[in-house]
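Subject: Structure handover

Hello,

Here is the structure I promised to pass on. Please open it first, then read my notes below.

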Amino acid sequence: MLQPFPNQEFVDACQQLEVENTDGFEFFTESHDVRIFRQYNSTSGLYKYKIYGFLHGATPELCAQVYRDLDYRRTWDSYVNELKVLLQEGDDREVVYWHVNFPWPMSHRDYVYQRQLKILQTESGNQAWVVLAKACNELNLIPEKSGVIRVIDYLQSCALTSDGQGGTRAYMQYYDDPRGSIPTMLINWGAKTGVPGFLSMMQKAPTMLKAATAAAALGAQCGRLLLSRIPLRCHRCLHSLPDSLRPKFDARIGRLSAEFDALTARIAQAANAAAASDGAAPAAAKIESDSAKWHQLKPLADKIDDLLLLRQLAAETRQLISSLNGVDGDLEDGDGEDGELVDMAKQENCDRDRAIAGLEVEIAEMLLPPRSLPSDCSVLLEVKPGVGGLEAMLFAAELFHMYTAYAQYKGWHFDIVEEARADIGGLRSGALEISNGVGVFDELKYETGTHRVQRVPQTGDVIHTSTATVFVMPKPEDAAADFELNSADIEIQVHKSSGPGGQGVNKHMSAVRLLHKPTGIRVDCQVERTQHQNMVIANRMLRERVLRLRLEALADEERAARAVQSQRDRSDRIRTYNYQQGRITDHRGRLTLSPVDMRVFIDQPGQQLGGIIQALKDREELALLEQTLTADSASGAGDSAGDAQAKQQRSKLNNTPVRDEGVV
């Protein structure tokens with residue numbers, strides 16, 4: 001049987017909401033509309049904290065739910081490793097196991113504590129939710145784990161009531177003693193940043209829960225297929241974020257984080273308004289518009305939060321290192337002489353810096369517009385001789401052999417669909433169909449263009465220059481197979497159905513209008529009675545019409561490319577193979593391989609050709625990232641990533657005029 005907390009402890013915590021009692025406590029800091037006081041414990045050398053403040057935009061009932069919901073706690077508290085209920089008696093008393101992966105130097109810790117909830121009434125007549133928690137290791141429910149410090153003295157009380165303005169007035173008391181296994185100064189230093197950090201997460205958590213619930217419900221109601229789809233992306237190849245782009249990158253993620261927080265708050269407010277007005281159409285329509293953006297930004301916003309947290313921890317650890325070295329005297333009881341601790345802190349920050357660099361690359365890749373083709377798109381690769389007569393045909397044959405060898409090296413399935421050999425030797429034309437390989441087109445597209453060779457022919461004694469052209473294009477049927485629309489490019493509007501009378505016409509917001517911003521294609525659908533059915537139909541129609549336009553553009557590009565390549569001469573080249581000097585130069589990225597055994601390169605292109613392609617990929621990705629960030633900076637804080645991408649894609653489609661595809 002669990003021993004209940006004395007009732008007076010609940011009353012004392014509840015009274016703190018009306019009359020703050022800080023006797024014996026000193027003012028510590030103020031953060032996030034919260035004031036923190038602390039009291040020194042001479043026995044343990046640690047501090048007990050009292051916190052008073054406000055949690056805006058959420059009712060006390062919702063805040064209490066967030067505070068006690070262990071499943072949801074894992075989604076917003078990044079330190080949680082394991083959190084579960086061990087024993088439960090009724091709805092208000094339970095024993096909880098909590099394993100925390102704190103960053104170094106705070107070490108991994110775990111807690112076994114009892115907690116209990118009571119709903120009381122304050123002296124002013126408001127309802128108050130009071131939760132008390134206290135360590136109860138004597139139950140021996142979970143054995144201690146190797147490398148994890150068991151906290152023997154843990155105390156926390158939390159009281160929540162309405163602030164009268166739709167938010168919550170909060171009081172919290174906190175004390176944590178891991179029995180001297182961690183130096184006192186480190187625990188005090190961790191609490192100095194950890195307590196405000198927890199409050200910052202707690203501020204966001206209730207609003208996030210409300211927004212996620214509203215958005216999820218809406219997704220089921222009006223077409224999650226469209227609203228929650230994340231654009232399909234191929235594997236990107238950025239390795240690190242250049243320092244020159246860091247200011248624009250930081251500004252961009254700052255705006256995205258603020259935009260996501262604003263969306264979260266708006267969805268929560270709209271959900272409240274809809275509930276208060278029994279789901280009135282204007283509120284529902286507003287939630288729908290914001291919900292599409294919320295779903296699209298959620299994965300990116302989570303990554304940004306992780307990055308900002310890691311950066312903050314790295315800065316705090318650097319501050320700790322300085323303090324231990326005697327440069328900064330912020331930390332209490334620091335001796336400035338602990339060299340082993342400094343070395344451990346430096347190693348921890350090295351690992352953290354690598355994690356930060358990896359997250360920056362992930363976020364940068366998510367900021368880039370999605371690739372236009374699926375990653376497993378089949379391709380047709382053609383090789384034809386250019387200028388140079390017999391020598392050009394011999395060179396074309398060597399290139400054709402090189403690409404078959406490269407396909408074998410990559411493990412791609414390929415078929416030779418054309419191989420027209422000349423009577424006097426060489427290749428008149430050849431074509432490979434390559435499939436069943438991830439990223440085939442992403443790699444081979446860089447081979448499209450004129451390849452130039454400089455060497456002495458077998459029958460001559462003077463260096464001869466000749467060319468061959470390579471053309472790579474995706475197969476149209478494969479380009480269409482996995483084609484999906486990017487939700488960021490779609491503007492959603494809902495309105496009342498129009499037309500002759502009848503139930504639902506001119507009364508309910510059942511009609512759907514979709515605008516594909518990059519192409520200007522607009523679809524209106526009101527054939528069904530419900531918004532959900534019209535959304536599905538409109539989404540399917542929009543996909544078909546955008547795909548049709550895209551396939552037309554691909555066909556035009558193929559015809560134009562073939563015409564241009566047939567006219568290229570020796571001076572118009574993408575790569576030069578100089579046999580005499582053993583040198584290969586790619587003129588697009590100013591890349592040079594030297595010395596190169598040309599026969600080995602042609603027979604076994606593997607790593608060397610792959611290295612050239614990878615360098616071109618890196619160059620393209622960095623240029624695209626710089627273009628994306630620059631366009632965003634120029635367009636101002638109000639533009640979203642989708643708007644910047646739309647402008648680029650619209651220009652690529654030669655300023656396709658806005659077209660109204662009519663009403664279904």
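Of the 664 residues of the protein chain, 49% count as buried. Please keep in mind that this is a predicted model. The chain has 15 helices and 22 strands. Take the contacts in the chain with a separation of 6 or more: residues 24 or more positions apart account for 66% of them. The chain exposes about 30900 Å². Carbon and sulfur atoms supply 50% of that area.

Helix H1

Start with H1, which covers residues 7–15. Phe-10, Ala-13 and Cys-14 are buried there. Looking down the axis of H1, the buried residues fall within an arc of 100 degrees, so they line one face of the helix. An α-helix has 3.6 residues a turn, so residues three or four places apart point the same way. What do the buried residues of H1 pack against? Their partners are four strands: E6 (108–121), E7, E9 (153–162) and E10 (168–177).

Arg-93

Next, find strand E5, residues 93–101. Arg-93 lies in this strand. Is Arg-93 buried or exposed? Its relative accessible area is 16%, and buried means under 20%, so Arg-93 counts as buried. Leaving aside residues up to four places away in sequence, Arg-93 touches Leu-2, Pro-4, Gln-88, Gln-114, Arg-115 and Gln-116.

A surface patch

Leu-87, Leu-139 and Leu-141 make a nonpolar patch of about 210 Å². Leu-139 sits in the loop between strand E7 (127–135) and strand E8 (149–150). Leu-139 has a relative accessible area of 35%, so it is partly exposed.

Cysteines

How many disulfides does a search of the whole structure find? The count is zero. Which cysteine sulfur is closest to the sulfur of Cys-63? That sulfur belongs to Cys-158, and the distance is 8.5 Å. A disulfide needs the two sulfur atoms within 2.5 Å, so this pair is too far for a bond. Cys-63 is also buried, at 0% relative accessibility. Cys-525 is buried too, with a relative accessible area of 0%.

That is the handover. Send me your questions once you have looked through it.

Best wishes

Definitions and conventions:
Residues are numbered from 1 along each chain as its sequence is written. This is a predicted model: local features need pLDDT of at least 70, side-chain atom pairs count only at pLDDT 80 or more; totals for chains, interfaces and linings use all residues. Side-chain values use heavy atoms; hydrogens and water are left out. Helices (H or I, at least four residues) and strands (E, at least two) are DSSP runs, numbered from the N terminus. Buried means under 20% relative accessible area, exposed over 50%, partly exposed in between (1.4 Å probe, protein chains only). Contact means heavy atoms within 4.5 Å. Accessible areas come from the Shrake-Rupley method with a 1.4 Å probe; for residues, only the protein chains shown count as cover. Patches are made of residues with over 30% relative accessible area and no salt bridge: like charges are joined within 9 Å, nonpolar side chains (Val, Leu, Ile, Met, Phe, Trp, Tyr) within 5 Å. A salt bridge is a side-chain nitrogen of Lys or Arg within 4 Å of a carboxyl oxygen of Asp or Glu. The arc is that of the directions from the helix axis to the C-beta atoms.
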